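Thanks for making time this morning.

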Amino acid sequence: MRASRLVSLLLLLQARGRMTATELADALEVSVRTVYRDVESLGAAGVPVYAERGPAGGYRLLDGYRTRLTGLTAGEAEALFLAGMPGPAAELGLGSVLATAELKLRAALPTDLADGGARIRQRFHLDAPSWFREPEPTPHLAALATAVWEDRRVTVRYQRWQAPREVTRTLDPLGVVLKAGRWYLVAAASGQVRTYRVGAILDLTVLDEAAERPTGFDLAGAWQEHTARYEQGVYRAEARVRMTVAALAQTTYLFPPAMSRAAQDRADAPDADGWVTTTVPIESVRHGCVEMLKLGAQVEVLAPPELREQLASTAHALAALYPPPAVEALDALRR
């Protein structure tokens with residue numbers, strides 16, 4: 001375990017340059033005293049690590065010193081091959097780069113580890129898009145990814161759902177995110193961090209201007225905050241409903257995740273007839289009507305009255321289209 005920690009310490013210094021003892025201790029999850037001992041051990045083993053004193057000091061490696069990629073365990077090598085995403089990499093314009101990097105990695109690994117990586121690829125596959133959804137065309141994704149990497153400002157003509165439908169914005173791109181098979185751009189606009197669907201970008205111009213990146217910006221954290229706000233903001237109303245226990249279980253497969261979770265978390269105990277009362281978040285009356293119709297006669301809306309009236313109107317319209325069968329036909333079906 002200590003040998004693995006020493007290798008990690010060495011690789012941290014190689015990747016990040018100068019680091020203080022406190023930063024190393026936080027990264028390795030050990031005490032500062034342990035870092036002192038580990039640095040002494042590396043020096044005794046011939047690794048050219050030295051300390052720089054002062055406010056901007058810390059530990060660093062001698063300029064030009066590099067350690068080779070050795071000592072990979074079988075699990076680590078397999079994880080590298082498992083982490084490959086050929087589909088998304090190709091969309092970013094990095095398909096050939098990823099393939100070349102994998103070939104170099106395989107050539108550098110011992111035969112048994114390289115064979116293990118190939119075995120992993122034949123047994124595990126990542127398919128990011130959701131079911132029944134065609135991949136969204138993203139002709140500007142590669143250029144956008146380059147702008148993100150090079151910190152270049154961009155001007156986009158973007159299509160949105162509200163009027164005016166097409167708008168032009170100058171953005172400071174901060175990162176791209178792949179979510180359920182769709183690419184999103186996280187960018188700063190007018191001093192605020194916003195999210196744009198890459199597939200809705202109609203035109204893109206990369207400007208010869210440096211993008212401004214907010215100090216301390218964290219892409220993963222910003223995306224998590226965005227998704228939380230989106231789920232909270234999209235459901236602007238609630239419906240009080242009665243449904244059968246069987247229907248409550250079916251919401252896992254028929255409702256969006258946020259609606260299903262809320263319905264099951266807020267459900268009362270079943271009554272004598274096997275029905276539960278619960279509260280379900282909805283986007284609008286129309287959205288609630290569409291979702292409740294998935295459960296058919298296994299759900300009754302209690303409130304709001306507008307939703308109940310719309311369901312009643314829909315039910316009567318369906319009854320007019322599908323009149324009840326004759327009594328003889330019903331008896332035959334029962335038999």
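Glu 29 is exposed, with a relative accessible area of 73%, where exposed means over 50%, buried under 20% and partly exposed in between, using a 1.4 Å probe and protein chains only. This is a predicted model, in which local features need pLDDT of at least 70, side-chain atom pairs count only at pLDDT 80 or more, and totals for chains, interfaces and linings use all residues. Residues are numbered from 1 along each chain as its sequence is written, and side-chain values use heavy atoms, with hydrogens and water left out.

Although Glu 29 is not a glycine, its phi is positive, at about 60°, and the residue lies in the loop between α2 and α3; helices here are DSSP runs of H or I with at least four residues, strands runs of E with at least two, numbered from the N terminus. Ser 190, also not a glycine, has a positive phi of about 55°, sits in the loop between β5 and β6, and is exposed at 77% relative accessibility. Most residues other than glycine have a negative phi, and most peptide bonds are trans. The bond from Ala 303 to Pro 304, however, is cis, with omega near 0°, and Pro 304 is found in the loop between β10 and α13.

Val 241 is in contact (heavy atoms within 4.5 Å) with residues including Val 280, Met 292 and Val 301, leaving aside neighbours within four places in sequence.
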